[in-house]
Structure formats: structure tokens, C-alpha cells
Amino acid sequence: MTLSISKLGDRLGAAAEGVDMNALVPNDAERLRAALADNLVLCVRGQKLEPQAYFDAMGVFGKQLPQPSASANHPVVKDLLILSSEDRDVLGDGQRLVAGAAWHTDDSYRAVPCSLTTLYGVEVPATGGDTQFVNMYAAYDDLPDATKARIGALRVVHSYAPSRQLNKVAKRTAEDMATMPDVIHPLVRTHPVTGRKALYLNPNRMESVLGLERADSDALLDEMAAHATQPKYQYRHKWRQGDIVVWDNRCTMHKANADYPEGSRRYMLRVIVEGTVPV
Ligand code: SIN
């Protein structure tokens with residue numbers, strides 16, 4: 001097998017083929033990490049892994065973290081999260097839950113958000129269920145200098161359930177909520193590995209900009225989100241069964257689409273990788 005890497009989108013995204021994550025050799029591991037750093041989103045095609053083997057294989061990208069959840073942990077490999085078309089808000093109203101249906105970056109409601117997320121398409125619908133991504137380096141780079149100067153030092157309150165929340169999230173126990181107080185992150189962050197600046201937004205978790213009046217804060221957050229999610233910054237991933245897609249939450253946002261036909265099943269397994277405090 002020979003590893004080959006090709007571009008997927010104009011602004012981000014690459015596909016890796018000819019590699020078996022069950023038996024990755026060090027040289028290929030290095031090339032996958034480099035492809036992710038260069039392209040922000042990396043799809044490793046054609047994988048067939050048992051849940052524990054998938055979890056272990058993701059160690060190539062960094063230290064895997066536990067993902068406490070009300071209901072969605074894998075029954076055998078507890079640190080894997082299941083994202084499925086059958087998800088329901090079990091502690092809340094019992095209704096269907098589509099994780100990640102609004103633009104977001106993972107975990108920004110935590111003081112130390114994960115750096116990377118990996119999602120394994122174990123079962124994917126024949127049509128629909130794409131994941132969209134945006135390049136937040138490019139969104140930042142394209143801002144006028146006056147805007148960069150205006151927002152460069154601003155900080156934003158992120159919350160698990162902010163008043164501006166766009167899509168339903170799973171209800172958590174009071175005990176869980178106590179571990180997730182509101183946190184403050186910069187609006188522009190510097191990637192700890194590349195040193196590049198990126199807009200750091202999470203329209204689904206941002207409450208307000210520190211020091212701004214509510215109306216001004218809402219207007220700025222809406223303006224930045226509208227700017228960053230323009231089609232020119234996007235790559236839309238059409239899943240194939242066996243894809244493992246890895247993305248860098250420090251310089252991208254993403255969004256799930258639950259537009260597949262009734263009765264189609266979408267079953268994904270998620271791993272998150274340790275990050276650092278955004279600065
Ligand atoms: C997520 O937002 O983490 C999941 C994305 C997806 O299911 O496509």
C-alpha cells in the first residue's frame with residue numbers, strides 16, 4: 001500500500017488513501033500529521049477498524065481525551081462518543097438531537113478546549129449528512145486592517161448553554177454543569193503550532209464580548225460569524241463509509257447536516273484530542 005494525499009477543497013481539506021490505520025508505519029504517520037497541518041481537515045479513506053482499534057489509532061494525532069456524555073458513550077469503549085441519527089435528548093425532552101447542527105468549534109465552552117476532533121463514518125447515508133467546514137485562518141486574514149485592530153484584543157464569554165444558542169444541545173446533569181462554568185477566550189487566537197492567527201468563534205456557544213454593550217456585542221459576533229461562514233471559506237465533506245475525518249478546532253469551524261432521508265442511518269464514532277488554553 002502506498003499513501004497518497006490529494007486536495008479536497010480550495011481553501012481546506014485533503015484526502016489520504018492507501019493507508020491502513022490498523023497498522024500505520026511511522027513515516028506515514030508523519031505524512032498524515034503534516035497533511036492535517038497544511039489542510040486543516042484530513043479525510044483518511046477506506047478504514048475498517050474495531051472501536052478500540054479506532055480509539056488507539058487516533059493516538060497518532062495526540063492524546064485522546066474522555067468525553068463525558070449523558071447517554072452517547074460507546075458501550076464498550078467508554079471514551080468514544082457515538083453521534084447517530086438515533087440520538088435523543090434523554091435527560092431533556094426526549095426529542096431528536098442533531099449534534100453540531102449549527103456552525104461551531106468543538107469544546108469552546110471548556111477552559112481548555114480539545115485541539116482536534118476525529119470522526120469515523122461507520123455507517124453513512126447514501127445521500128445527505130455532509131459535514132461543512134470553514135477555514136478560520138483565511139477568514140481572519142481577509143479582514144480589513146481596521147477590523148483586525150478593533151477586534152485583536154477582544155475576549156468572548158463562551159457557555160455550554162448561552163442565551164444566543166442556535167441549536168439544541170443535550171441536557172446535562174447538574175453535576176456535569178457544575179464542571180462547566182462559563183469561560184473566556186480571545187476572539188482572535190494564535191495557533192500554538194503554526195503561529196498563525198485565526199478567528200476563534202463558536203456561534204452556538206458564545207454569550208457576549210467582554211466590555212461591549214449587549215447590542216454591540218451581538219452585532220459584532222453576528223458580523224464575524226456571517227463573514228467566516230461565507231461559501232468562499234468552506235469545504236463540504238460528502239461522507240463515504242470508512243472515512244475517518246480529522247479536523248483542527250483551533251483554525252476551523254464545522255457544521256453537521258441532518259438532511260438525509262427518513263429511515264437512513266448515520267452512525268459515527270468521535271474521538272477528541274487534548275488541546276491547550278487558547279491565547
Ligand atoms: C460534530 O459537530 O462534532 C459532528 C459533525 C457531524 O456529525 O457531521
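Let's start at Arg236. At 34% relative accessibility, Arg236 counts as partly exposed. Here are the cut-offs: buried is under 20% relative accessible area, exposed is over 50%, and partly exposed lies in between, with a 1.4 Å probe and protein chains only.

A word on the source. This is a predicted model; local features need pLDDT of at least 70, side-chain atom pairs count only at pLDDT 80 or more, and totals for chains, interfaces and linings use all residues. Numbering runs from 1 along each chain as its sequence is written, and side-chain values use heavy atoms, without hydrogens or water.

Back to Arg236. Its side chain meets that of Asp259 in a salt bridge, at 3.9 Å from N to O. That term means a side-chain nitrogen of Lys or Arg within 4 Å of a carboxyl oxygen of Asp or Glu. The pair links distant parts of the chain. Arg236 is in strand β13, residues 234–237. Asp259 is in the loop between β15 (252–256) and β16, 23 residues apart from Arg236. Helices (H or I, at least four residues) and strands (E, at least two) are DSSP runs, numbered from the N terminus. Asp259 is partly exposed too, at 45%.

How many salt bridges does a search of the whole structure find? It finds 18. Side chains of opposite charge can pair when their charged atoms come close.

Next pair: Arg164 and Asp222. Their side chains meet at 2.8 Å, N to O. Arg164 sits in the loop between β8 (155–158) and α5 (174–178). Asp222 sits in helix α6, residues 214–228. They are 58 residues apart, so this pair also links distant parts of the chain. Buried or exposed? Arg164 is buried, at 16% relative accessible area. Asp222 is partly exposed, at 42%.

Arg270 is in strand β16, while Asp106 is in the loop between β5 (81–84) and β6 (116–123), and 164 residues separate them. Both ends count as buried: Arg270 at 13% relative accessibility, Asp106 at 5%.

Now the ligand. Arg270 and Asp106 turn up again, among the residues around the ligand. A residue is near a molecule if one of its heavy atoms lies within 4 Å of it.

For Thr131, an N or O atom in the side chain is 2.5 Å from a ligand oxygen. For His104, the corresponding distance is 2.9 Å. For His254, a polar side-chain atom lies 3.0 Å from a ligand oxygen. The ligand alone exposes 260 Å², and the protein buries 97% of that. Those areas come from the Shrake-Rupley method.

Last topic: backbone. Two residues other than glycine to look at are Leu40 and Asp107. Phi of Leu40 is near 70°, a positive value. Leu40 is in the loop between α1 (26–39) and β3 (41–44). Leu40 counts as buried, at 4% relative accessibility. Phi of Asp107 is near 75°, again positive. Asp107 is in the loop between β5 and β6. Asp107 counts as buried as well, at 9%.

Note on methods. A polar contact is a pair of N or O atoms within 3.5 Å; within protein, one must be able to donate a hydrogen and the other to accept it, and residues adjacent in sequence count only if both atoms are side-chain atoms. Accessible areas come from the Shrake-Rupley method with a 1.4 Å probe; for residues, only the protein chains shown count as cover.
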